[in-house]
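Work through the exercises below with the structure open. Each task is followed by a stepwise solution.

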Amino acid sequence: MQVIDTHCHFLTKAYVDALARYDRINEDGFPIPDWNLDMQLEYMERAGIEHAVLSLSTPHPHFGEDEFSRELNRSINEEAAALVRKYPDRFSFAATLPLPNVGYALEEAKYALETLGARGVKIASQSNGLYLGDERLDPLMEYINERKSVMIIHPSKPQAVPEGCFTSGPLPLLEFINDTTRAVINLLANGTLEKYPNVKVLVPHCGSFLPNIIDRLTGITRLFEQKGIGKAVDVQKGLSSLYFDIAGDAFPRGIKILQSLADDDHIMFGGDFPYTPIPMIVKKREDMQQMGFSQECLEKYAYRNAEKLFGINCL
């Protein structure tokens, strides 16, 4: 069975040089991997990946200087677009945006989606403290909504982490999952997804902690409404615009928890290459096929849902 990988990363020389320039190489407590086209194609061959939706991982490309970030994001998106033009059957990409400068981010989103042919945008859970769901992002959300486009969320290092605690070292273990969950809860609780129902939000890592906390969020928002705290929010309605990838350690427990939250039309494969080694992704494919899912369900997870979400027709 062929697969579309919706959580696949690439790195450019300009991006890696910028990380070194601003001393951000080791920011996440996780080594920045090597990446080049040959490595990418080898991964896809060995793991049976027919098509990959490329996006940037973390650290996100804003280091305190708006103009530099604007230029860097543009160069990253243009390199991705050039790769897609060269291998249109193998690659699509989601554009990176120079947030927290919302004006520049809106400008780049328009250029990437309308000129470069991006299949969506990738936005950090928070950009220098500006979380998804903040009303300051409304101009960008309104545009994405008008385009009926995909918004891929990727976790980001929170503004503060507990010093001396193990999880403050390898941030992908807990802090990334925390920050993704916080961002999605903010989108739901602020009614952002109700306000912009055409934004198709792709949440990584089996929904992070969302499947574990969604009932509590629903109950608390109802309680707050009864006590006149905040505004009425339909959490379940907001959930309908969420899609989920299974990047990370999804088997055997993560996928089952996710299935309690999302229907089979909203779950899709994610490998997290090159941050996850090829043998681990190959095993994930094997684990997915050994879970006892129906053939129809497997095909949805492997490629059909991604085809529909991103408008890809490559298999």
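**Exercise 1.** In which loop is Ser208 found? Then classify Ser208 as buried or exposed, and list its contacts beyond the sequence neighbours.

*Solution.* Note first that this is a predicted model.
- Step 1: Locate the residue. Ser208 sits in the loop between β8 (200-203) and α8.
- Step 2: Take its relative accessibility, which is 8%. Buried means under 20%, so Ser208 is buried.
- Step 3: Set aside neighbours within four places in sequence. Ser208 then contacts Ile177, Thr180 and Thr181.

**Exercise 2.** Classify the ring pairs Tyr22 with Phe68 and Tyr87 with Phe91.

*Solution.* A ring pair is described by the distance of the centres and the angle of the planes.
- Step 1: Count the pairs. The structure holds seven aromatic pairs.
- Step 2: The ring centres of Tyr22 and Phe68 are 5.6 Å apart, with the planes at 45°. Stacked needs under 30 degrees and edge-to-face over 60, so this pair is tilted.
- Step 3: Trace the chain. Tyr22 is in the loop between α1 (13-21) and α2 (37-47), and Phe68 is in helix α3 (residues 66-86). The pair links distant parts of the chain, 46 residues apart.
- Step 4: For Tyr87 and Phe91, the centres are 6.0 Å apart and the planes make 85°. That pair is edge-to-face.
- Step 5: Tyr87 is partly exposed at 23% relative accessible area, whereas Phe91 is buried at 1%.

**Exercise 3.** Which residues form one aromatic cluster, and which ring lies under the charged end of Arg21?

*Solution.* 
- Step 1: Tyr22, Phe63 and Phe68 make up one cluster.
- Step 2: The charged end of Arg21 sits over the ring of Phe68, 4.4 Å from its centre.
- Step 3: Arg70 lies over the face of Tyr104, 4.1 Å from the ring centre.

How values were computed: Residues numbered from 1 in each chain as written. Predicted model: local features only at pLDDT ≥ 70, side-chain atom pairs only at ≥ 80, totals over all residues. Heavy atoms only, no water. Phe/Tyr/Trp six-rings, centres within 6.5 Å; stacked < 30°, edge-to-face > 60°. Helix = DSSP H or I, 4+ residues; strand = E, 2+ residues; numbered from the N terminus. Buried < 20%, exposed > 50% of the residue type's maximum accessible area, 1.4 Å probe, protein only. Lys NZ or Arg CZ within 6 Å of the ring centre and 35° of its normal. Contact = heavy atoms within 4.5 Å.
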